[in-house]
Amino acid sequence: MGRGFDLITTPGWTAAALLGLALGVMGAAAGQGLTGLARNYSAEFIAQRIERDARDELYANLLGKSQTFHGRQRIGDIMARATNDVHQLNLMFSPA
């Protein structure tokens, strides 16, 4: 932006030079947008993997419990933890 201002304030500037600077600024903005998309994609990917792994670990742990344990627990409580609590891990890593 400073180079564009300097170019315009000098006598005898050309439109081609200004176009080159404008294209450079547009390229930088496009590059920032692409890296932002890549950042958001990678954060969401990691959050989904953590949620999946936590759910798998919870299910494996529940399968290892005795029948007495499962007889004493409410089904809704276990299922709520399997869905809502594990999903909170996803939101912790990818809040949007």
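How many Å apart are the mean positions of the positive and negative charges of the protein chain? For the 9 positive and 8 negative charges, the mean positions are 4 Å apart. In this count Lys and Arg are positive and Asp and Glu negative, while His and the chain ends are not counted; each charge is placed at NZ of Lys, CZ of Arg, CG of Asp or CD of Glu.

The model is predicted, so local features need pLDDT of at least 70 and side-chain atom pairs count only at pLDDT 80 or more, whereas totals for chains, interfaces and linings use all residues. Residues are numbered from 1 along each chain as its sequence is written, and side-chain values use heavy atoms, with hydrogens and water left out.

Turning to the overall fold, the protein chain holds 4 helices and 0 strands, in the order α-α-α-α from the N terminus. Helices (H or I, at least four residues) and strands (E, at least two) are DSSP runs, numbered from the N terminus. The C-alpha trace spans about 90 × 15 × 15 Å along its principal axes.

The accessible surface comes to about 7,600 Å², with 64% belonging to carbon and sulfur atoms (Shrake-Rupley method, 1.4 Å probe; for residues, only the protein chains shown count as cover). Buried residues make up 12% of the 96 in the chain, where buried means under 20% relative accessible area, exposed over 50%, and partly exposed in between. Among contacts (heavy atoms within 4.5 Å) between residues at least 6 apart in sequence, 60% join residues at least 24 apart.

Ser94 sits in the segment after helix 4 (75-93) and is buried, with a relative accessible area of 10%. Beyond its neighbours within four places in sequence, Ser94 touches Ala43, Glu44 and Ala47. The side chains of Ser94 and Glu44 are joined by a polar contact of 2.6 Å (a pair of N or O atoms within 3.5 Å; within protein, one must be able to donate a hydrogen and the other to accept it, and residues adjacent in sequence count only if both atoms are side-chain atoms).

Gly36, in helix 2 (residues 15-63), is buried at 14% relative accessible area. Gln88, in helix 4, is partly exposed at 48%.

Key:
Buried means under 20% relative accessible area, exposed over 50%, partly exposed in between (1.4 Å probe, protein chains only).
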